[in-house]
Amino acid sequence: MAAHRKTGRRSLGGSTARTAFTIALAGAATATGFEGTGHAEPDLTPPQVKARVDKLYQEAETATEKYDGAKEKADAAEHRLSTLRDEAARKTDKLNSAREALGSMAAAQYRDGGLDPALQLALSDDPDRYLEGAEFADRAGTRQAAAVADVRKQLREIEQLRGAARVELTGLKARQAELRRTRTTITGKLDAARRLLAHLPAAERARLGLGGGTGGTDRASRSGSAPRIGLEAPGSATADAPGSRAAAAVSYAYSKLGSPYVWGATGPNAFDCSGLVQAAYHSAGISLPRTTYAQIDAGRRISRSELAPGDLVFFYSGISHVGIYVGNGQMIHAPNPSAPVRLAPIDEMPFAGATRVA
């Protein structure tokens with residue numbers, strides 16, 4: 001990168017600089033193999049690089065939303081599996097106790113010798129007392145039969161729980177495999193974008209509104225130290241919100257301006273687009289789904305003309321991006337790895353719909 005920055009300080013008007021820049025972009029195009037062509041494109045201009053990087057970011061974000069949805073389902077499956085295993089363990093302990101009780105009954109019968117009731121009656125010195133005892137023994141036999149039936153029932157219940165756990169485990173493994181595939185897709189697209197951006201001089205990246213393009217693959221654990229930039233006050237946005245919860249969500253979004261974009265992150269120091277929305281409304285006491293696909297159906301659909309601060313605004317035909325409307329045609333959103341959480345016009349992306357959740 002140092003060599004490229006040094007080159008970037010020279011005037012791009014010279015033939016040497018133009019040649020070096022063209023060769024660099026050609027190498028980036030070859031490295032990304034974008035759209036499966038794998039061919040060098042020596043006439044790739046900085047705006048074309050930006051267009052391709054933007055497309056890679058959009059595709060990565062679409063994959064990120066799928067990842068977030070699969071992660072949510074995997075977490076739920078893991079919780080259900082844990083619950084099934086705990087319940088099976090409790091029932092197994094209860095079954096063991098019931099089996100011990102049956103064993104005690106069997107041992108007592110063995111010690112009594114198990115004489116035929118008619119013979120016991122004939123040998124008894126007190127037939128009336130024996131008949132009372134026989135009636136008690138019959139009741140004990142009924143209780144023993146019930147205990148055996150209960151053990152059999154518990155065995156069936158435990159086997160059903162274990163069967164359900166096996167099904168849940170199979171589903172969990174499938175979702176975990178999906179997570180690995182989707183993660184590979186995301187990191188591949190972000191790496192391709194990074195390689196393209198690495199061949200643009202810093203001045204060009206700044207002029208085109210692109211950051212360093214570090215990719216956001218480090219997750220939130222390394223994001224807390226990122227600088228906060230472009231901080232602004234909520235102003236009239238909270239006052240114009242349709243309710244106190246919407247106002248609280250807007251205030252939270254403003255407080256996170258400058259936080260880095262990290263795919264899959266839900267705060268408090270880094271976010272992806274739907275993670276920011278979820279965190280903002282969680283701070284306001286409202287639980288929202290994790291993905292853009294589910295968030296758009298979490299409230300009442302409204303038209304663009306009805307927008308008020310706190311409303312969720314969605315973009316692209318696949319509903320793959322979301323922001324929080326703050327008024328005056330502006331939103332706060334987590335755009336992509338090239339930029340932190342920021343204010344932006346809602347016209348910068350294809351508008352797909354809006355929802356009011358508070």
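This report describes selected helices, strands, backbone features and charged side chains of the structure above.

## Basis of the model

The model is predicted: local features need pLDDT of at least 70, side-chain atom pairs count only at pLDDT 80 or more, and totals for chains, interfaces and linings use all residues. Residues are numbered from 1 along each chain as its sequence is written, and side-chain values use heavy atoms, with hydrogens and water left out.

## Helix 9 and the residues around it

Helix 9 spans residues 273-283; helices here are DSSP runs of H or I with at least four residues, strands are runs of E with at least two, and both are numbered from the N terminus. Nine of the eleven residues of helix 9 are buried, so that the helix is mostly covered. Buried means under 20% relative accessible area, exposed means over 50%, and partly exposed lies in between, with a 1.4 Å probe and protein chains only. The buried residues of helix 9 are C273, S274, G275, L276, V277, Q278, A279, A280 and Y281.

Two backbone features accompany this helix. In the loop between helix 8 (244-255) and helix 9 stands P268, and the peptide bond from G267 to P268 is cis, with omega near 5°. Helix 9 is followed by G285, which has a positive phi near 85°.

## Strand pairing

Strand 6 (residues 351-356) pairs with strand 1 (residues 300-302) in the antiparallel sense over three bridges. Strands are taken as paired if DSSP finds at least two bridges between them. Within this pairing, R301 is set opposite T355 of strand 6.

Strand 6 also pairs with strand 2 (residues 312-315), again in the antiparallel sense, over four bridges. Here F314 has G353 in strand 6 as its bridge partner.

V322 belongs to strand 3 (residues 321-327). V322 counts as buried because its relative accessibility is 0%. The C-alpha atom of V322 is separated by 8.8 Å from that of Q295, and these two residues are 27 residues apart along the chain.

Y316, in the loop between strand 2 and strand 3, has a positive phi of about 70° although it is not a glycine. With a relative accessibility of 18%, Y316 counts as buried. N328 lies in the loop between strand 3 and strand 4 (330-333), and its phi is near 55°, a positive value in a residue other than glycine. N328 counts as exposed because its relative accessibility is 75%.

## Salt bridges

Twelve salt bridges are found in a search of the whole structure. A salt bridge is a side-chain nitrogen of Lys or Arg within 4 Å of a carboxyl oxygen of Asp or Glu. One of them joins the side chains of E59 and K189, at 2.9 Å from N to O. E59 lies in helix 3 (residues 46-112) and K189 in helix 5, so this pair ties together parts that are 130 residues apart in sequence. E59 is partly exposed at 27% relative accessibility, and K189 is partly exposed at 22%.

A salt bridge of 2.9 Å, N to O, also forms between the side chains of E168 and R80. This pair links distant parts of the chain, with E168 in helix 5 and R80 in helix 3, 88 residues apart. E168 counts as buried at 15% relative accessibility, whereas R80 is partly exposed at 36%. A further salt bridge connects the side chains of E159 and R166, at 3.1 Å from N to O; E159 is partly exposed, with a relative accessible area of 41%. Salt bridges with shared partners join D68, D272 and R290 into one network.

## A positive surface patch

K94, R152, K153 and R156 form a patch of positive charge on the surface. Patches consist of residues with over 30% relative accessible area and no salt bridge, and like charges are joined within 9 Å. Lys and Arg count as positive and Asp and Glu as negative, while His and the chain ends are not counted. The place of a charge is taken as NZ of Lys, CZ of Arg, CG of Asp or CD of Glu. Accessible areas come from the Shrake-Rupley method with a 1.4 Å probe.

Helix 5 (residues 127-198) supplies the largest share of the positive patch, three residues. K153 lies in helix 5 and is partly exposed, with a relative accessible area of 43%.

Definitions and conventions: Patches are made of residues with over 30% relative accessible area and no salt bridge: like charges are joined within 9 Å, nonpolar side chains (Val, Leu, Ile, Met, Phe, Trp, Tyr) within 5 Å.
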